[in-house]
Amino acid sequence: MYGLSQIRNKQIQVPHLNIFKIGTWVMMGIFASYLMIYLFLGQEILNYFPLLLLFAFATPLFSLWMSKASVKRAYHIRLIGEGGARNEKEQLVVDTIQLLSEKLKLQKLPEIGVYPSYDVNAFATGASKNSALVAVSQGLLQTMDETEIIGVLAHEMSHVVNGDMLTSSILEGFVSAFALIATIPFLFGRSDNDRGERAGSSLMTYYLVRNIANFFGKLVSSAYSRRREYGADRLASKITGAVYMKSALMKLQDISQGRVNLQAEDRRFANFKITNNFSMGGMANLFASHPSLENRIEEVEKLEQQGW
């Protein structure tokens, strides 16, 4: 079994949040929004462009800001840092997060918590990498061994250091902005003649266009989420070694068909968990927030063959 002792002296290149890349995305999104307003709404609405962007980004950015408080309430998280660990497994979680934070040169240690659930899972959230929360389920601690737990925590810390929560919120904001711009003409469309009939038709068109916009928005955000998961698996393999990540994924695969006693709250914040087995396969995979465990294991095995 591989443990913390094997990675204490491991040298890693600390990844940095690519501000230039994020800035490029933001500028492209703003330009696309501006162009859509001009095409769909007309030049006179451009005066309200900042207000439209503010409205579109308000919800995702507020949710990001409140994410730690929200998950603490939703999952009844018990913080175990600073002497709060009650057993060896919980102390392993604390020691692993502390070691990885040191290696990743985080300015502030993430809050560390455990939540009551039979679901074998973990997640990270928070507005920034220096204001993060990493939590694991009791089911995960009861089911996984030391190697597997370290692999899961390395994956979650990869989300933290990559700033995945922020980039996901930015993407969600632009998806919301595009949907808003596309539907406004139909929401407020009206005519002096046959006003009631035209208003009803416009409202029906609004709902149709909104659903189409939401459909394609979900496709885009889900595709990005799956790409983000591959990236976190890759960075986790670099931080600890591919054997840790592979062991964790293989254990998740072994138990994925037998998940029982899930709580309703387990579906909340699923995008930020180590795995999300709520999709039904087939076309539903296009809307899945996570790639299949089989595909993730295959990618990690490629890294293992390269000597990671």
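## Basis of the model

The structure is a predicted model, in which local features need pLDDT of at least 70 and side-chain atom pairs count only at pLDDT 80 or more, while totals for chains, interfaces and linings use all residues. Residues are numbered from 1 along each chain as its sequence is written, and side-chain values use heavy atoms, with hydrogens and water left out.

## The sheet

Strands of a sheet pair through backbone hydrogen bonds, either parallel or antiparallel. Here, four strands form an open sheet in the order β1-β2-β4-β3, and their pairing is mixed. Strands (E, at least two residues) and helices (H or I, at least four) are DSSP runs, numbered from the N terminus; two strands pair if DSSP finds at least two bridges between them.

Two bridges join β1 to strand β2 (residues 111-115) in the antiparallel sense. L79 stands opposite G113 in β2. Helix α4 (residues 88-103) lies across β1, β2 and β4 (132-137), and runs at about 155° to β2. Axes are lines fitted to C-alpha atoms, for helices over the stretch in contact, and angles run from 0 to 180 degrees between N-to-C directions.

## Helices α9 and α10

Two packed helices are described by the angle between their axes and the distance between the axes. For helix α9 (residues 242-255) and helix α10 (residues 293-305), the axes come within 9 Å and cross at roughly 160°. The two helices are therefore roughly antiparallel (angles under 35 degrees count as roughly parallel, over 145 as roughly antiparallel, 65 to 115 as roughly perpendicular and the rest as oblique).

Contact means heavy atoms within 4.5 Å. Among the residues of α9 that meet α10 are V243, L249 and L252, and those on the α10 side include L293, I297 and V300.

## Two buried residues

T147 is found in helix α6 (residues 146-162). Its relative accessible area is 5%, so T147 is buried (buried means under 20% relative accessible area, exposed over 50%, partly exposed in between, with a 1.4 Å probe and protein chains only). Apart from neighbours within four places in sequence, T147 contacts M1, Y2, V243, Y244 and S247.

G29 belongs to helix α1 (residues 19-40) and is also buried, because its relative accessibility is 8%. With neighbours within four places in sequence left aside, G29 contacts F174 and F178. The C-alpha atoms of G29 and A177 are 9.2 Å apart, although 148 residues separate the two along the chain.
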